[in-house]
Amino acid sequence: MSKAQDPFYIVKEEIQDSIDKLQSSFHQWERVPGGTGEQVHLTKELLANCESIAWKVDELAKAISVAARDPSWYGINEVELENRRRWTSNARLQVADVKRTIGAGKENDNSASMIRRELMRLPNSQQPDISDHYSAKNNDDFVASESDRQMLLLKQQDEELDELSTSVKRIGGVGLTIHEELLAQEKILDELGTEMDSTKNRLDFVQKKMGMVMKKAGSKGQIMIIIFLLVLFIILFILVFFT
């Protein structure tokens, strides 16, 4: 089976595209100032994408485990299996690194938010100049901006769910194909077993007949039969190799 037809490489390409998009969004997240609405939006989007990609990689790993039970049937060898396992492991590591970094950044943002809340509890005479950034107008703008970002995030999540649904259907199709192939193999094995039983019965019948003939012929008859068969063999040998 060529790579273009192999379901593994089809799903692998989709997952790799998702990982590339994840890395691009992650680099954008790193450049965004902490504690802003944009960073909150990107954080939620990245975490959702991490979960989606991790699920796809796990499903692909399950398919590899199925193929490992009988590699020759799927037209692959141990080297190819090891390469596929190595790729899924690397994909998991990439997603885990992004998720871990985002989680650490989220904890830092929570700490910064707690500090800001403590500062806002102070009397006006004790608040630093930075409190001017939390005016009512800026809060309204932030709420409106956050609402727009939430709508965009929901839209993107819907698109991700559609892609996930397509991948699930494709993986389900692969599983159905494997199931049908296993049923076909089981049928072939059953037919082979039936043929072997029939051949065994015929052989037993011939052996019984030969036993009866040899018993009726007696010792002299057995010697005559052996001499006859030997002469017949010599004649056939001469005809085949010397004519």
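A salt bridge is defined here as a side-chain nitrogen of Lys or Arg within 4 Å of a carboxyl oxygen of Asp or Glu. Asp204 forms such a salt bridge with Lys200, and the closest N and O atoms are 3.4 Å apart. The model is predicted, so that local features need pLDDT of at least 70 and side-chain atom pairs count only at pLDDT 80 or more, whereas totals for chains, interfaces and linings use all residues. Residues are numbered from 1 along each chain as its sequence is written, and side-chain values use heavy atoms, with hydrogens and water left out.

The chain contains four helices and zero strands, where helices (H or I, at least four residues) and strands (E, at least two) are DSSP runs numbered from the N terminus. From the N terminus on, the order of elements is α-α-α-α. Helix H1 covers residues 7–31, and its 25 residues should span 36 Å at 1.5 Å a residue; the expected span is 1.5 Å times one less than the number of residues. The end C-alpha atoms of H1 are 37 Å apart, which agrees with this expectation. Contact means heavy atoms within 4.5 Å. Of the contacts in the chain with a separation of 6 or more, 71% are accounted for by residues 24 or more positions apart.

Of the 243 residues of the chain, 20% count as buried; buried means under 20% relative accessible area, exposed over 50%, and partly exposed in between (1.4 Å probe, protein chains only). The buried residues of H1 include Phe8, Ile15, Ser18, Ile19, Leu22 and Trp29. A nonpolar core is a set of buried Ala, Val, Leu, Ile, Met, Phe, Trp, Tyr and Cys residues joined through side-chain atoms within 4.5 Å. The largest such core has 24 residues, of which Ile15, Leu22 and Ile53 touch the most other members. The elements that give two or more residues to this core are H1, H2 and helix H3 (78–121). Leaving aside its neighbours within four places in sequence, Ile53 is in contact with Ile15, Ser18, Ile19, Leu22 and Val95.

Thr43 is located in helix H2 (residues 37–68). This residue counts as buried because its relative accessibility is 8%. The side chain of Thr43 reaches the backbone oxygen of Gln39 at 2.7 Å.

The count of salt bridges comes to eight. One of them joins the side chains of Glu14 and Arg170 at 2.6 Å, N to O. This pair links distant parts of the chain, as Glu14 lies in helix H1 and Arg170 in helix H4 (residues 136–241), 156 residues apart. Glu14 is partly exposed, with a relative accessible area of 25%, and Arg170 is likewise partly exposed, at 29%.

Another salt bridge is formed by Glu82 and Arg85, with the closest N and O atoms 3.8 Å apart. Because Glu82 and Arg85 are three residues apart in helix H3, about one helical turn separates them. Glu82 counts as partly exposed at 38% relative accessibility, as does Arg85 at 33%. In the pair described at the outset, Asp204 and Lys200 are four residues apart in helix H4 and are therefore separated by about one helical turn. Asp204 is partly exposed, with a relative accessible area of 26%.

An unreviewed UniProt entry carries the annotation "transmembrane region" for residues 223–242; UniProt positions are given in the numbering used here, feature names are shortened, and annotations may be inferred rather than shown by experiment. In the model, residues 223–242 are 95% helix and 0% strand, and the end C-alpha atoms of the span lie 28 Å apart.

Methods:
A polar contact is a pair of N or O atoms within 3.5 Å; within protein, one must be able to donate a hydrogen and the other to accept it, and residues adjacent in sequence count only if both atoms are side-chain atoms.
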